[in-house]
Amino acid sequence: MIVKHLSLVMTLSIYILMLLGSYTSASGSGLACPDWPLCPIDFTNRFIIIEFIHRMWAIITLVIIILTILLIIRNHDISQKIKKRTMIFFTVFIMQIFWGAIVIFQRLNPLTVAIHQGLAALTLALAVYVTTLLHYSSD
């Protein structure tokens with residue numbers, strides 16, 4: 001079932017996004033793009049490049065997640081339990097995206113950054129959970 005493979009790609013993509021986010025923050029690039037979701041492209045500024053890569057990977061990850069969710073929802077062989085857990089996962093991921101905007105608007109306030117990291121960890125945990133459910137459910 002392709003959805004099982006795509007769920008693994010989704011989970012890996014979220015993990016990479018978390019690594020990129022940590023690198024963006026630690027390198028001091030978190031406010032290189034002064035607006036959200038837009039980011040000026042200036043390939044001479046390494047901070048903008050780092051933040052731009054993080055944002056572009058977030059978009060790629062969002063597309064992978066949406067494709068995975070659509071395959072899960074449309075597949076009649078996947079249980080309602082898994083579909084409900086998938087929607088919980090997606091809700092947390094969307095919250096994570098909007099919380100990322102709040103981090104920018106609040107100029108990296110430590111509390112908002114901590115919540116952003118917490119939501120990222122929860123998003124990854126739920127992705128692992130949904131992926132595990134898909135892999136160990138009967139086809």
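The model is predicted. The protein contains four helices and zero strands, and its pattern along the sequence reads α-α-α-α. Of the 139 residues in the protein, 39% are buried.

**Overall architecture**

- Taken along the principal axes, the box filled by the C-alpha atoms of the protein is roughly 50 × 30 × 20 Å.
- Helix α1 covers residues 2-26, and helix α2 covers residues 46-74.
- Helix α3 runs over residues 80-105, and helix α4 over residues 110-136.
- When contacts between residues at least 6 apart in sequence are considered, 66% of them join residues at least 24 apart.

**Surface and charge**

- The protein has an accessible surface of about 8,000 Å², and carbon and sulfur atoms account for 72% of that surface.
- A nonpolar patch on the surface is formed by Met56, Ile59, Val63 and Leu67, which together have about 330 Å² of accessible area.
- Val63, one of the patch residues, belongs to helix α2 and is partly exposed at a relative accessible area of 45%.
- Val63 is classed as partly exposed because its relative accessible area of 45% falls between the limits of 20% and 50%.
- There are 9 positive and 5 negative side chains in the protein, and 10 Å separates the centres of the two sets.

- Side chains of opposite charge can pair when their charged atoms come close.
- The count of salt bridges in the model is one.
- The partners are Arg55 and Glu51, whose closest N and O atoms are 2.7 Å apart.
- Both Arg55 and Glu51 lie in helix α2, with a spacing of four residues, about one turn of the helix.
- Arg55 and Glu51 are both buried.
- Glu51 is also among the residues touched by Ala32, which lies in the loop between α1 and α2.

**The loop between α1 and α2**

- Ala32 is a buried residue of this loop, with a relative accessible area of 18%.
- The value of 18% for Ala32 is under the 20% limit, and Ala32 therefore counts as buried.
- Not counting residues up to four places away in sequence, Ala32 is in contact with Phe47, Ile48 and Glu51.
- Ala32 and Asn45 are 13 residues apart along the chain, and their C-alpha atoms are separated by 8.8 Å.

- Thr68 is part of helix α2 and counts as buried, with a relative accessibility of 0%.
- Leaving out residues up to four places away in sequence, Thr68 touches Val3, Leu6, Ser7 and Met10.
- Between Thr68 and Leu19, the C-alpha distance is 21 Å, and the separation in sequence is 49 residues.

- Gln96, located in helix α3, counts as buried at 11% relative accessibility.
- Apart from neighbours within four places in sequence, the contacts of Gln96 are His116, Leu119, Ala120 and Thr123.
- Leu122 is located in helix α4 and is partly exposed, with a relative accessible area of 40%.
- The C-alpha atoms of Leu122 and Phe93 are 8.6 Å apart, while the two residues are 29 apart in sequence.

**The loop between α3 and α4**

- Most residues other than glycine have a negative phi.
- Arg107 has a positive phi, near 55°, and lies in the loop between α3 and α4.
- Leu108 lies in this loop and has a positive phi near 65°.
- Arg107 is exposed, with a relative accessible area of 58%, whereas Leu108 counts as partly exposed at 34% relative accessibility.
- The exposed class requires a relative accessible area over 50%; Arg107, at 58%, is therefore placed in the exposed class.

How values were computed. Residues are numbered from 1 along each chain as its sequence is written. This is a predicted model: local features need pLDDT of at least 70, side-chain atom pairs count only at pLDDT 80 or more; totals for chains, interfaces and linings use all residues. Side-chain values use heavy atoms; hydrogens and water are left out. Helices (H or I, at least four residues) and strands (E, at least two) are DSSP runs, numbered from the N terminus. Buried means under 20% relative accessible area, exposed over 50%, partly exposed in between (1.4 Å probe, protein chains only). Contact means heavy atoms within 4.5 Å. Accessible areas come from the Shrake-Rupley method with a 1.4 Å probe; for residues, only the protein chains shown count as cover. Lys and Arg count as positive and Asp and Glu as negative; His and the chain ends are not counted. The place of a charge is taken as NZ of Lys, CZ of Arg, CG of Asp or CD of Glu. Patches are made of residues with over 30% relative accessible area and no salt bridge: like charges are joined within 9 Å, nonpolar side chains (Val, Leu, Ile, Met, Phe, Trp, Tyr) within 5 Å. A salt bridge is a side-chain nitrogen of Lys or Arg within 4 Å of a carboxyl oxygen of Asp or Glu.
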